[in-house]
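I want to see who touches whom.

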Amino acid sequence: STFELAQRIKDKLALNSDADPANDVPIQYVFSYGSASIPLFSPQYQRGYERSIGEAQAIMPQISGTPIAPASQLQDPNLQIAQISALWEAGLIDCLSIQTTGANAFTKIVGDVMASGIPVFTVGVESNGNELTNFTQISYKEGRQAAQIVADWIASSGNAVTRFAVSGGDPTQNWAQGRMQGFIDGITELVPGATFANDATSALATSYDPAATYDAYKAFLLGNPDVQVIENVDIGAEHATRAIKDSELAGKVWSLGWNVSKGQLDGVEEGVQIVALDQRWGDQAAFGAGACADFLQNGVIRPNTQELLPVTAENVAEARADFESIMGTN
């Protein structure tokens, strides 16, 4: 397909390229993300956005930023789209980045905004939209990467592990399905005799609420005493780790999960959690501002270079220092 920048944005860029800074006008960058109140996720996204504006202004001094997100702890793509539409229809977006929550949830709004001559980038999970760049990991490959890490850990630790389970806050999401299926396929290939207590269609749904997630894992461990490794595909692995310890199963059952939290870092240090797979949320949130500045100032479309950072016993101390710096707790 082709893309042509809206004339009103071209006019702004022409004014900003004038030698007289008195003619400069703001370039309005908008960043839409899924929720302003999800534990761990939201503050890391907010901080990533905050640092991105200065980085973008080093490329294009006239760029200004506006973050928008639903207040609810549950991600609401319809509300995200309504928030985007309100600013777009008011002519208040010159460049847009969207943290998507599903492969198809934002396809139409991305297409409509791009068709109006506004550059759009997406971050977070895979997207079927027609954006300039989708900055994210590929969920199935993430699951395969997790499987390789766990298989290597089994070989190096000498633990006789063959029984696995998969879980997540909302296992129906496309990214959750990809991570689970990639993990199942990888473990099945790499670990002799491996079996699963469930699969991507019957995964344990834990919710995103810490107390409910902990209770779900406690009940699951009680009902599935043969499970030895539990994969969580989002932010809940720390609660699986806590349930394992409280059930006096440390050294018999292990967890792994995505993202970084104090609880997950503690679990990795204690040897109860095998790995925490850091999606680098801050980098996702920071991508759009720099990408917009680079595109509008230099005509450059930044590629997808997003990669997971596995946090294991070998690098957990460094990861903790980085986490504390990001969260402002050091």
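This is a predicted model: local features need pLDDT of at least 70, side-chain atom pairs count only at pLDDT 80 or more; totals for chains, interfaces and linings use all residues.

**Helix pairs, looked up one by one**

I began with the contact between helix 3 and helix 4: I81, I84, S85 and W88 on the helix 3 side meet I109, D112 and V113 on the helix 4 side. Sorted by class, I get five nonpolar, one polar and one charged residues there.

Helix 3 covers residues 77-89, helix 4 covers residues 107-115, and they pack at an angle of about 10 degrees with axes 11 Å apart. Angles under 35 degrees count as roughly parallel, so helix 3 is roughly parallel to helix 4.

Then I moved on to helix 5 (residues 139-157) and helix 6 (residues 174-190). Their angle is about 40 degrees and their axes lie 6 Å apart. I noted the crossing as right-handed. The contact list includes G143, A146, A147 and V150 from helix 5, and G178, G182, F183 and G186 from helix 6. By class I have nine nonpolar, eight polar and five charged residues in this contact.

I stayed with helix 5 for a while. Its 19 residues reach 27 Å from first C-alpha to last, close to the 27 Å expected. Which of its residues are buried? I found S139, E142, G143, A146, A147, I149, V150, A151, W153 and I154. Those buried residues pack against helix 6 and also against strand 6 (163-168), strand 10 (254-258), strand 11 (273-278) and strand 12 (309-311).

Last entry: G158 follows helix 5, and its phi is positive, near 80 degrees.

Methods:
Residues are numbered from 1 along each chain as its sequence is written. Side-chain values use heavy atoms; hydrogens and water are left out. Axes are lines fitted to C-alpha atoms, for helices over the stretch in contact, and angles run from 0 to 180 degrees between N-to-C directions. Helices (H or I, at least four residues) and strands (E, at least two) are DSSP runs, numbered from the N terminus. Angles under 35 degrees count as roughly parallel, over 145 as roughly antiparallel, 65 to 115 as roughly perpendicular and the rest as oblique. Contact means heavy atoms within 4.5 Å. Ala, Val, Leu, Ile, Met, Phe, Trp, Tyr, Cys and Pro count as nonpolar, Asp, Glu, Lys and Arg as charged, and the others, Gly among them, as polar. A crossing is left-handed if the near helix is turned anticlockwise from the far one by less than a right angle, and right-handed if clockwise. The expected span of a helix is 1.5 Å times one less than its number of residues. Buried means under 20% relative accessible area, exposed over 50%, partly exposed in between (1.4 Å probe, protein chains only).
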